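The entries follow in the order I made them.

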Amino acid sequence: MKVLIIEDEPFAQQELKRLLDNLEEPFEILEMIDSIEDAMEWLGANDSPDLIFLDIQLADGLSFEIFKQIEINSPVIFTTAFDQYAIDAFKLNSIDYLLKPIKQNELDLAIKKLIKLKMQFGENNTEASLSQSQLDGIMSLLKKTYKSRFIAKVGGQIKHIPVEDIAYFYAEDNVVFVVNHKSERYIVEYSIEEITQMLDPKLFFRLNRAFVAHIKAIDKVHKYLNSRLKIDLKPVCEKEVLISRVRVGAFMQWMDD
């Protein structure tokens, strides 16, 4: 069975691989992917795997965004650390779900369920099927309280920065900076991945691996090589900010929301 693992935690990737190796069914892991962007690119360029293990919360957002952008023609087993109440909303729309940390016997049961479904209904009836209304319902259940301010060290002092004052965040040489609308720059003690999860996705968008921007910071959008977009930010950023081809659809939808 050819398997695709979409999971952003290296330990969780290796642990799932170890658990799969313990099963009687032989598995070939085609790829281990850690972001929505890379997952959409891989799925668009390769044949559908026999099974996808899909973490719900990835570094660049909730993995349900993948279903919004491309058609998934493979059975999916979700892996998640979310509470039971949220899982119930999509349980029937996937082969199964596995709560982290994943247990060997639960993985075994999920695989047996998949094999049984394939025997009963055939390959085509085990593919993922999530409608837009189902996706919206799941996303609403997973809504959380977003961060209202960040703190930054300024010399020997600590400064708080309200979210409404923030234009964008960017990473450089393993350091993350926050830039406010006055073009003032501060260092924050979070990764871009962590910041993405803390902010309201209606207001902030992860442009690429290094930048997260507020909607008001998007000054101009230019078409660029290979169907990408180039973004001019305000305040002006000296770095080139590009959006990859696979992220263009999600970005345009966010802009038009």
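I began with the contacts of Asp232, setting aside neighbours within four places in sequence; the list is Ala217, Ile218, Asp219, Lys220 and His222. The model is a predicted one. I then looked at the side chains and found a polar contact of 2.7 Å between those of Asp232 and His222. Asp232 sits in strand β16, residues 229-233. I also checked Val221: it is 11 residues from Asp232 in sequence, and the C-alpha atoms are 6.4 Å apart.

Next I went to the loop that links β15 (218-223) to β16, where Asn226 is found. Ser227 lies in that loop between β15 and β16 too. I looked up the backbone here. Most residues other than glycine have a negative phi. Asn226 is not a glycine, yet its phi is positive, about 60 degrees. Ser227 also has a positive phi, near 65 degrees, and is a residue other than glycine. I noted Asn226 as exposed, since its relative accessible area is 62% and the cut-off is over 50%.

Then I turned to peptide bonds. Most are trans. I found a cis bond joining Lys234 and Pro235, with omega about 0 degrees. Pro235 belongs to the loop between β16 and β17 (242-243). Another cis bond joins Lys100 and Pro101, with omega about -5 degrees. I placed Pro101 in the loop between β7 (96-99) and α5 (104-121).

Asp34 was my next stop. I located it in the loop between β2 (28-33) and α2. With neighbours within four places in sequence left aside, Asp34 contacts Glu7, Asp8, Gln13, Leu58, Ala59 and Arg209. Asp55 is 21 residues away from Asp34 in sequence and 9.1 Å away in space, C-alpha to C-alpha. I put Asp34 down as partly exposed because its relative accessibility is 30%.

Last, I looked at a helix pair. Helix α2 (residues 36-45) packs against helix α8 (residues 245-255) at about 120 degrees, and their axes are 8 Å apart. That angle makes α2 oblique to α8. I logged the crossing of α2 and α8 as right-handed. Which residues make the contact? From α2 they are Ile36, Glu37, Met40 and Glu41; from α8 they are Arg245, Val246 and Arg247. I sorted the residues of this α2 and α8 contact by type: 3 are nonpolar, 4 are charged and none is polar.

Definitions and conventions:
Residues are numbered from 1 along each chain as its sequence is written. This is a predicted model: local features need pLDDT of at least 70, side-chain atom pairs count only at pLDDT 80 or more; totals for chains, interfaces and linings use all residues. Side-chain values use heavy atoms; hydrogens and water are left out. Axes are lines fitted to C-alpha atoms, for helices over the stretch in contact, and angles run from 0 to 180 degrees between N-to-C directions. Helices (H or I, at least four residues) and strands (E, at least two) are DSSP runs, numbered from the N terminus. Angles under 35 degrees count as roughly parallel, over 145 as roughly antiparallel, 65 to 115 as roughly perpendicular and the rest as oblique. A crossing is left-handed if the near helix is turned anticlockwise from the far one by less than a right angle, and right-handed if clockwise. Contact means heavy atoms within 4.5 Å. Ala, Val, Leu, Ile, Met, Phe, Trp, Tyr, Cys and Pro count as nonpolar, Asp, Glu, Lys and Arg as charged, and the others, Gly among them, as polar. A polar contact is a pair of N or O atoms within 3.5 Å; within protein, one must be able to donate a hydrogen and the other to accept it, and residues adjacent in sequence count only if both atoms are side-chain atoms. Buried means under 20% relative accessible area, exposed over 50%, partly exposed in between (1.4 Å probe, protein chains only).
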